[in-house]
Amino acid sequence: MFRPAARLLVRRSLLRSSRAITTATPQVPAHADTHGHLPSSHSRITSKLRFFNSVMEDGEQIPTYRVLDSVGKPLEGAEVPEIDEAFARKIYENMVLLPTLDTLLYNVQRQGKISFYMTAYGEEATILGSAAALANDDEVLAQYREAGVLLWRGFSLDAIMAQCLGNHEDLSSKGKQMPVHFGSPEHHFLTISSPLATQIPQAAGVGYALTRIPSRRGRNVAVCYMGEGAASEGDFHAGMLLASTIPSPTLFIARNNGFAISTPSTEQYHGDGIAARGPGYGMWTVRVDGNDVLAVLGAVREARRRCVEDGRGVLVEAMTYRVGHHSTSDDSFAYRARQEVEDRKRVDNPIARFRLYMESRGWWSKEEEELLKTRLKQDVLKAFKRAEGLQRHELKEMFTDVYGGEEPWNIKEQREELVGLLKKYGNDWEPWRNELARFKGKGQELLGDSKSA
Amino acid sequence: MNTFQAVRDALSIALLKDDTAVIFGEDIAFGGVFRCTMGLAEEFGRERVFNTPLTEQGIVGFGIGLAAMGQTAIAEIQFADYIYPAFDQLVNEAAKFRYRSGGQFDVGGLTVRCPTMSVGHGGLYHSQSPEGFFMGAAGLKVVIPRSPIQAKGLLLASIRDPNPVIFMEPKVLYRSAVEQVPVDDFELPLSRADILKPGSDLTLLSWGTPLYHCETALHMLSAPPPSLEPHIPQSLRSANIELIDLKTILPWDVESVVESVKKTGRLVIVHEAGMTAGVGAEIGAVVQDKCFLKLDAPVKRITGWDTPVGLQFEKFYIPDSIRILDGILETLKY
């Protein structure tokens, strides 16, 4: 019915071009007897009734790609991705920085100094290995446990603290969102939002947008992180479909850490994880050991290369384990044994695995380890102390950025109403008086504006 | 031009003047089920005008992604009745994108078009007017045109507005409303109501399809057909009714409406969606707050009933001219 679209940048796979022929050509295919006349499939006809329930021909599960064993030794036949010492050290230092930061912020949440926090314990290799495989200007759409990507890209500790404390230096959300909802156009990291999986179809749109920007076409991809729980949302299905059907260079990275809050992955899906779904969408897919930073680096590099080359979605499932609680509002020992977590930490620690590899290459030593740990602890503590004393944005920011352009009358009126109430009760109602002191300008800018208006 | 041609004309201008603009949705490449995108794929190429898989949450999410990168994304939802799968993307994501990022990101380039309102035989899922559900979604704009000129000017303004806009096109008007539409590029301002007919005795406020029923009701009031003459007292036939088209549901033009009601002292609101928590409830509450001392009668709402739109019952469901006429009479007599 339509002329096939001319997509200069897209190299269709053989499978797809043959699909295009079946939809675009009215003639009977040459091998009608073997392939039938199925309008929406190039499926071979068979007289044998056979059901199947695996994407692997032998019925096995999709294998997990690994480079390093649990003591940091390359597996036999494994191809260690090309990295030099400086690059390896940068990865390692960021892998250690992540839990250092997590420990401090987790603890200060426990002391009531920030309202909420989510750690990435156990997932350091998945996050840093993938971050290191990307171009620093690939557009990232994250779920919430991927602050390590920002650290890799040079997002400062001050910026992390500013967002978590919601002080006046917070550019991520001007104190409007909960902690860990980071964002930075400069670091090509779209602002995180709480609703799960909404970023997945958005990522396909970002991927398509990149093909429409001449300077980025064929050079950048959209990168979308999600957990295995989020992959149960309808938006996952939508995003996979869109990125594969409308050619959109979008790299999907599923962190399969075994739990969505309390729900184990066995209650999340009955199939072979998230990776088994990729081929159903016609998508290049790989499963990787998410605790092996070199495997993640190698797999994501190759996934990204295919994503750029094919200009369509590619799926990576990283198998890892959520060592920490889901968030500071969760006590995970209510649904899993403390011993199980301890065992995991000991048997398969992604940081230790990489450290042993680094040491075997002569790239790292016990002395350096001690120095690094001390330095990072000091840096993190210093950034927190500095941020802790800072005031919040001005109170008037509560009403900004709802709309761009002309401010609607109702927002104007409601701000004026609050100003009236502040004038009336601001000094006499203690909860407001105490709270006002925490804002830059103590709300005076609102009162002042209204007087001049 | 009729309305679908005016929409198509606006889309063509948007694509012509803005290289980043793309149009996508279900079945739009061959021209769309209402012909609003006829020939655009041929003219501008399938990279700019393309079909999506059948997934409304995906369509809006995809549009948000495009718009977040500074592109102009014009998405189509085939019927307003099917916008709900995208409710999360619209309300939690599009509406809050700018606010939650402290103004660092926005999806102002997103416009979601969808056919809306009754069509005579649409039943439950081809008749709905869901504008009220979006009225509380601060950050979104909701726009509904009444005619081809309005459709073109308001659609171009919506596409270029720095905020995400839901543009609802009354589908019964696609072919039935025809007028001379300027072929050049023009915009009509959002959040500005139109006074279609000035008056001093009562304000009649509506948008989209029911405006035509309002017009008919006003004719019936001043020159009743013989069968209705006994129902319409001679004294009320010369009543001077002010008819207003609200055009933008969010943020709505409070100034025009309040000014009108302060002058007339009476307000009748007409919409097709059900009454409870509909747009009329919001406007009625604001008007009683701002015009309390000027009101000579309660604010009257003439709306669809609080039921789904039953197929064979539509004639008795929609707020048609006789119901509007009765509402005007009752409010004038109060």
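The model is predicted, so local features need pLDDT of at least 70 and side-chain atom pairs count only at pLDDT 80 or more, while totals for chains, interfaces and linings use all residues. Residues are numbered from 1 along each chain as its sequence is written, chains are lettered from A and ligands numbered from 1 in the order in which they are written, and side-chain values use heavy atoms, with hydrogens and water left out.

**Where chain B meets chain A**

- About 4,200 Å² is buried between chain B and chain A, and carbon and sulfur atoms supply 61% of that. Buried area is the accessible area (1.4 Å probe) that two parts lose on being put together, summed over both.
- Two salt bridges turn up across this interface, a salt bridge being a side-chain nitrogen of Lys or Arg within 4 Å of a carboxyl oxygen of Asp or Glu.
- B:Lys290 and A:Glu413 make a salt bridge, with their closest N and O atoms 2.5 Å apart.
- There are also 19 residue pairs in polar contact between chain B and chain A, both partners at pLDDT 80 or more. A polar contact is a pair of N or O atoms within 3.5 Å; within protein, one must be able to donate a hydrogen and the other to accept it, and residues adjacent in sequence count only if both atoms are side-chain atoms.
- Helices (H or I, at least four residues) and strands (E, at least two) are DSSP runs, numbered from the N terminus.

**The seven-stranded sheet of chain B**

- This open, mixed sheet runs in the order E2-E1-E3-E4-E6-E5-E10; two strands pair if DSSP finds at least two bridges between them.
- E2 and strand E10 (248–250) of chain B are the edge strands, each pairing on one side only.
- From one strand to the next, the twist averages 20°. Axes are lines fitted to C-alpha atoms, for helices over the stretch in contact, and angles run from 0 to 180 degrees between N-to-C directions.
- Strand E3 (residues 73–76) and strand E4 (residues 110–116) of chain B are parallel partners over four bridges, and B:Glu76 has B:Arg113 in E4(B) as its bridge partner.
- H3(B) packs on this sheet too, touching strand E1 (22–25), E2, E3 and E4 of chain B, and its direction makes about 165° with that of E1(B).
- Helix H6 (residues 148–160) of chain B lies across E3, E4, strand E5 (141–143) and strand E6 (165–170), at about 165° to E6(B).

**The five-stranded sheet of chain B**

- Here the order is E7-E9-E8-E11-E12, again open and with mixed pairing.
- Strand E7 (194–197) and strand E12 (300–304) of chain B are its edges.
- E7(B) pairs with strand E9 (residues 241–245) of chain B in the antiparallel sense over three bridges.
- H11(B) lies across E8, E11 and E12 of chain B, running at about 155° to E11(B).

**Local details**

- Over all chains, the structure holds 52 salt bridges.
- One of them links A:Glu93 with A:Arg375, the closest N and O atoms being 3.2 Å apart. A:Glu93 sits in helix H3 (residues 85–110) and A:Arg375 in helix H12 (residues 366–388) of chain A, so this pair ties together parts 282 residues apart in sequence.
- The peptide bond from B:Leu250 to B:Pro251 is cis, with omega near -15°, and B:Pro251 lies in the loop between E10 and H10 of chain B.

Terms used: Contact = heavy atoms within 4.5 Å.
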